[in-house]
Amino acid sequence: MKTSKFELVPPYSPRGDQPEAIRTLAEGLSRGDRFQTLLGVTGSGKTFTMAGVIQALQRPALVISPNKALVAQLFREFRSFFPENKVELFISYYDYYQPEAYIPAKDLYIEKDVQINEILERMRISALKSAMTRKDVVIVATVSAIYASGDPRDFQSLNVNLEVGQSVARNKLAYQLATIQYSRSEDVSSGGVFHMKGDVMEIFPPYEDFGIRLYFFDNEVERITSFEPLSKKIIEDLDKVIIYPAKEFVTTEEKIRRAVKEIENELKDRVIELEGQGRYLEAQRLKQRTAYDLEMLTTVGHCQGIENYSRFFDRRKPGEPPYTLLDYFDRGEFITFIDESHIAVPQIRAMYNGDHSRKKSLVEYGFRLPAAFDNRPLRYEEFLETVGQVVFVSATPGTYETEHSSYVAEQVIRPTGLVDPEVIVKPVENQVDDFLARMREAKERGERGLVTVLTKKSAEMLSDYLNELGIRAEYLHSELSTIERVEVLRKLREGSIDVVTGVNLLREGLDLPEVSLVAIMDADREGFLRSETTLIQTMGRAARNINGKVILYADRITNSMKRAISETNRRRTKQLLYNKEHAVEPESIIRPLYDNIFAQFEHETEGEEKARAKYLKGILQLKEELSLEEYMSLLEEEMLRSASELRYEDAAELRDEIYRIKSTPGSSGEQPKSARKKRKRGNS
């Protein structure tokens with residue numbers, strides 16, 4: 001196992017309250033504190049602070065972030081901070097993912113449909129290998145880190161150890177490689193493939209960017225080298241090498257035979273149970289489907305939906321948690337940072353219930369054995385038991401984070417000296433005309449703007465209106481593909497457009513130093529679109545520019561507005577005082593235009609979005625199939641889940657459906673007064 005030390009290459013020396021945050025968090029972790037919070041405002045260098053803590057303690061780290069855009073940003077930053085160490089990416093490896101499901105109300109079975117992206121799969125395998133073999137590793141992951149992964153014991157034991165002077169038959173070695181999911185090909189030189197040409201064997205591990213070449217003299221390994229796959233140039237000679245599995249999930253023939261017997265036993269018990277309930281159709285369906293899976297397992301060692309039998313392969317008891325990425329680290333050794341914890345923590349807490357709810361119908365109606373329940377994400381309590389010490393990181397940590405933390409390290413002083421933007425409240429009447437005038441002033445300075453509205457239709461209409469009046473605008477909402485959204489933001493940064501309109505401008509992980517003006521239309525409409533957390537986060541989008549300013553258009557000051565403005569002013573006062581005492585001259589952040597690291601597989605996220613849109617449409621179609629109480633309960637659950645994941649467009653659509661039902665004569669409940677109240681609005 002490598003024992004390399006973390007070597008932080010800082011872009012600057014810690015400034016402001018970064019040194020204090022690094023020191024106190026490191027001391028708390030050394031003390032054994034279970035939970036701490038880093039409250040860091042936008043642009044204060046939270047990622048650099050995390051890197052400083054890792055450097056100080058020399059411990060591996062897992063950084064969990066709520067969406068791929070933020071993960072990409074963190075991955076890039078950590079790689080620049082630790083160029084000599086291992087920084088890995090661990091996200092979902094599907095190009096497209098439609099989970100298996102059954103909707104009893106419509107008697108509709110939806111078969112699982114997936115397309116695996118080989119690039120992402122190799123990155124995951126590399127992350128697993130690094131977590132298991134290195135101390136100097138930082139893995140940046142989405143919440144997919146809590147989903148079932150391969151058994152780390154198999155990953156550790158089912159590998160091939162080779163060293164110079166070792167005697168091994170080449171056909172036996174080829175068989176060993178095949179058992180850990182390597183394929184033989186004389187034409188392809190990519191991850192998970194090996195070649196045999198005379199006395200030379202070339203192996204291409206999917207977790208490395210180089211190949212391994214073995215030189216044989218009869219059955220003796222005479223020489224081992226690493227080489228560049230494209231040029232075939234030798235990099236270095238090696239005394240020994242370990243070849244780890246080419247796939248995340250590997251097993252043995254013995255485990256398959258044992259699993260088949262245990263599956264047969266559970267099938268027998270479940271069929272007896274269903275027939276005892278008079279559910280002969282479900283029992284017959286389960287027998288047919290499981291018998292087919294068993295035949296595939298015994299003949300080819302694999303079957304569609306094999307993950308639903310993972311408990312038998314892992315020798316887990318019913319209800320025991322699955323193995324995940326977390327189990328590849330040394331327990332208690334690694335630090336877990338939960339970035340944007342106000343979003344990520346609710347996400348992690350919600351994952352188990354959503355998965356269990358979907359599988360409940362599959363099991364109940366004979367599509368799957370009860371063992372399918374055990375192929376699942378971790379419960380939140382199991383997650384906490386596995387991760388050890390946790391640092392929550394957010395500009396707006398939730399009550400849960402602060403109440404459970406032994407210490408909250410506040411980081412409100414930006415290294416650049418920038419202060420939180422000035423917040424101005426203006427009346428709703430003529431809000432668009434007022435914004436237009438302010439946007440023209442920003443444009444003259446070569447700066448850009450963001451404006452949030454309440455509906456996708458309003459975003460499109462406002463964008464068209466601004467364009468007619470000479471302000472180059474484009475809208476951003478959930479119906480745009482990932483590539484289209486990335487392109488809109490790139491245009492904004494490079495100056496091809498002046499302003500972006502949208503409902504939710506938080507999910508993108510926006511880092512836009514060119515933006516000096518942020519406007520929030522109808523800021524006094526209470527709800528998740530205008531909550532205290534959302535308002536503070538949206539205001540922070542103007543905090544990377546020296547001329548940053550936020551306009552809240554409202555006819556009254558809501559409690560959320562009051563708290564958000566008060567917190568922003570508190571931070572602003574502290575920042576101004578620090579700058580005065582230390583003679584700091586604020587300067588706008590200058591950040592280069594990066595290429596999108598997901599450019600080569602953007603369609604992967606698009607597939608997820610299509611599946612999500614299809615799922616949302618399916619929910620709305622259940623209105624005629626469910627009772628009013630069941631339908632309302634489903635809508636509210638999905639609305640809250642969407643809001644917690646910052647998918648505000650989806651949440652707003654579900655909210656509007658709830659309002660429509662409550663306002664229909666004869667339905668239970670009424671539409672909230674705030675939604676019924678007629679108010680004069682501006683020309684948006």
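Tutor: Because its relative accessibility is 6%, Asp420 counts as buried (buried means under 20% relative accessible area, exposed over 50% and partly exposed in between, with a 1.4 Å probe and protein chains only). The model is a predicted one, in which local features need pLDDT of at least 70 and side-chain atom pairs count only at pLDDT 80 or more, while totals for chains, interfaces and linings use all residues. Residues are numbered from 1 along each chain as its sequence is written, and side-chain values use heavy atoms, with hydrogens and water left out.

Leaving aside residues up to four places away in sequence, Asp420 touches Arg414, Thr568, Arg571, Arg572 and Gln575, contact meaning heavy atoms within 4.5 Å. With one of these, Arg414, the side chain of Asp420 also forms a polar contact of 2.9 Å, that is, a pair of N or O atoms within 3.5 Å, of which, within protein, one must be able to donate a hydrogen and the other to accept it, and residues adjacent in sequence count only if both atoms are side-chain atoms. Asp420 and Gly548, although 128 residues apart in sequence, have their C-alpha atoms 7.6 Å apart in space.

Elsewhere, the crossing of helix 1 and helix 2 is right-handed, a term used if the near helix is turned clockwise from the far one by less than a right angle, and left-handed if anticlockwise; helices are DSSP runs of H or I with at least four residues.

Definitions and conventions: Helices (H or I, at least four residues) and strands (E, at least two) are DSSP runs, numbered from the N terminus.
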